Amino acid sequence: MQILYFAWVRQKIGLAEEQVTPPEQVRDVAGLIAWLAARSPGHAAAFADQEFCAPDAPVAPGDEVAFFPPVTGG
Amino acid sequence: MATPTIRVQQDAFDPGAEIAGLAAGRTDVGGIASFSGVCRADDGLRAMVLEHYPGMTERALGRIAAEACARWPLTGCTIIHRVGRLLPGDPIVLVVTASAHRMAALESCAFLIDWLKTRAPFWKHEELADGSTRWVEARAADEDAAARWAAA
């Protein structure tokens with residue numbers, strides 16, 4: 001699964017993208033966030049106290065998942 | 001229906017060439033409206049870095065341009081948005097719309113820039129004169145401008 005980070009999420013995590021293989025029980029966005037947050041203090045800081053759109057949206061191997069703050073327009 | 005041109009790029013653009021391009025080789029164009037957005041030095045801004053999600057940002061711009069082409073009888077529509085590090089005075093965005101008549105061109109141009117200013121998938125990181133940096137947050141005034149175009 002390809003994970004992309006943008007704006008301050010990228011800055012806190014220190015990565016623009018990473019290839020990950022979450023365990024089988026990670027099946028939705030909420031599960032993925034909980035699993036990613038344990039990867040490093042930066043991940044934990046980026047995901048702490050944030051509300052996410054569609055936390056129950058399904059995720060599956062091979063998906064591209066991007067995390068970013070609300071867009072600020074052009 | 002017109003096929004919009006969408007470009008997200010680091011390089012500067014040439015508004016004159018883009019405007020001329022929408023009239024080139026055709027005789028059904030009666031008016032071309034354009035909006036050029038320029039980086040403004042608010043609050044001691046020294047530079048601004050615009051970030052986008054390659055692929056997704058272009059698709060989002062393409063969708064709103066297609067909506068404008070469906071809503072107004074446009075003969076052409078071009079959106080160019082710059083990304084990367086921009087300085088005060090640098091052009092950031094260009095919207096050009098062409099139609100047989102001025103009202104469709106003017107209204108669709110305003111519709112597109114109001115949408116771009118609020119909903120377009122970009123993130124802005126500002127570098128200030130004192131050396132500090134900050135991420136820009138969504139602004140309520142721009143939201144109000146975009147809301148006036150909601151379908152009745």
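These exercises work through the fold of chain A in a predicted model.

**Exercise 1. Find how much confidence the predictor reports for the complex and for chain B.**

Solution. Start with the complex. Its ipTM is 0.88 and its pTM is 0.90. Then take chain B. Its mean pLDDT is 93. Of the residues of chain B, 96% reach 70 or more.

**Exercise 2. List the elements of chain A in order from the N terminus.**

Solution. Count by type. Chain A has three helices and three strands. Now place them along the chain. The elements run β-α-β-α-α-β.

**Exercise 3. Decide whether chain A is as compact as a globular protein of its length.**

Solution. Take the radius of gyration of chain A: 12 Å. Compare it with the globule rule, which gives 11 Å for 74 residues. The two values are close, so chain A is as compact as a globular protein of that length. Next, the extents. The C-alpha trace of chain A spans about 35 × 25 × 20 Å along its principal axes. Then burial. Of the 74 residues, 24% count as buried.

**Exercise 4. Work out the strand order of the sheet in chain A and name the edge strands.**

Solution. Three strands of chain A form an open sheet. Their order is β2-β1-β3, with mixed pairing. The edges are β2 (17–19) and β3 (64–67), each pairing on one side only. From one strand to the next, the twist averages 15 degrees.

**Exercise 5. Describe how β1 and β2 of chain A are joined.**

Solution. Strand β1 of chain A covers residues 2–5. Three bridges join β1 to β2(A), and the two run antiparallel. L4(A) stands opposite E17(A) in β2(A).

**Exercise 6. Find what share of the contacts in chain A links residues 24 or more positions apart.**

Solution. Keep contacts with a separation of 6 or more. Residues 24 or more positions apart account for 60% of these in chain A.

Terms used. Residues numbered from 1 in each chain as written. Chains lettered and ligands numbered in written order. Predicted model: local features only at pLDDT ≥ 70, side-chain atom pairs only at ≥ 80, totals over all residues. pLDDT = per-residue confidence, 0-100. Pairing = 2+ DSSP bridges. Helix = DSSP H or I, 4+ residues; strand = E, 2+ residues; numbered from the N terminus. Axes fitted to C-alpha atoms, helices over the stretch in contact; angles between N-to-C directions. Rg over C-alpha atoms; globule rule 2.2 N^0.38 Å. Buried ≥ 20, exposed ≤ 12 C-beta atoms within 10 Å, placed from the backbone. Contact = placed C-beta atoms within 7 Å.
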